[in-house]
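Hi,

Here is the structure I promised to send over.

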Amino acid sequence: MSKYLVDKFLYTIDRDPELVERYRDDPRGTVEWWEATRAGTILGCVRAETTTWLAFEPEEREALAAHDYPRLFELGAHPFLTLTLFIAMFERDHEPLGFQKEYARRLQHFTLPYPDYAT
């Protein structure tokens with residue numbers, strides 16, 4: 001499980017409006033591009049500082065590519081990161097607070113203890 005990398009993807013996409021739109025319009029292509037070009041970037045370091053060992057697990061890659069936030073939650077993605085990114089992508093398609101309600105509805109089957117999202 002590479003929860004850190006999934007959370008890093010969610011965090012970095014959410015902070016760039018162009019990447020939010022790219023991920024909304026082409027999720028699979030964005031996940032593939034990001035994993036190939038951005039996954040190795042060490043946040044807060046100079047561009048030359050990179051790592052090569054991080055990669056998504058197949059089920060993480062598929063959940064990201066499918067915009068499957070319930071599965072991401074189940075896999076341990078941080079719920080705040082999934083919620084804020086998916087609000088940025090999909091709230092415009094719903095009435096006010098409609099996406100937040102849909103998010104809650106799709107995750108209502110989870111009971112305590114919730115999946116561990118510590119990295």
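The protein has seven helices and zero strands, where helices (H or I, at least four residues) and strands (E, at least two) are DSSP runs, numbered from the N terminus. In sequence order that reads α-α-α-α-α-α-α.

Bear in mind that this is a predicted model: local features need pLDDT of at least 70, side-chain atom pairs count only at pLDDT 80 or more, and totals for chains, interfaces and linings use all residues. Residues are numbered from 1 along each chain as its sequence is written, and side-chain values use heavy atoms, with hydrogens and water left out.

On confidence (pLDDT, the predictor's per-residue score from 0 to 100), the protein averages 90, and 90% of its residues reach 70 or more.

Now the inside. Of the 119 residues, 41% count as buried, i.e. under 20% relative accessible area with a 1.4 Å probe, protein chains only.

Leu10 is worth a click: leaving out residues up to four places away in sequence, Leu10 touches Leu64, Ala77, Leu81, Thr82, Leu85 and Phe86, with contact meaning heavy atoms within 4.5 Å. Among contacts between residues at least 6 apart in sequence, 65% join residues at least 24 apart.

Cheers

Methods: Buried means under 20% relative accessible area, exposed over 50%, partly exposed in between (1.4 Å probe, protein chains only).
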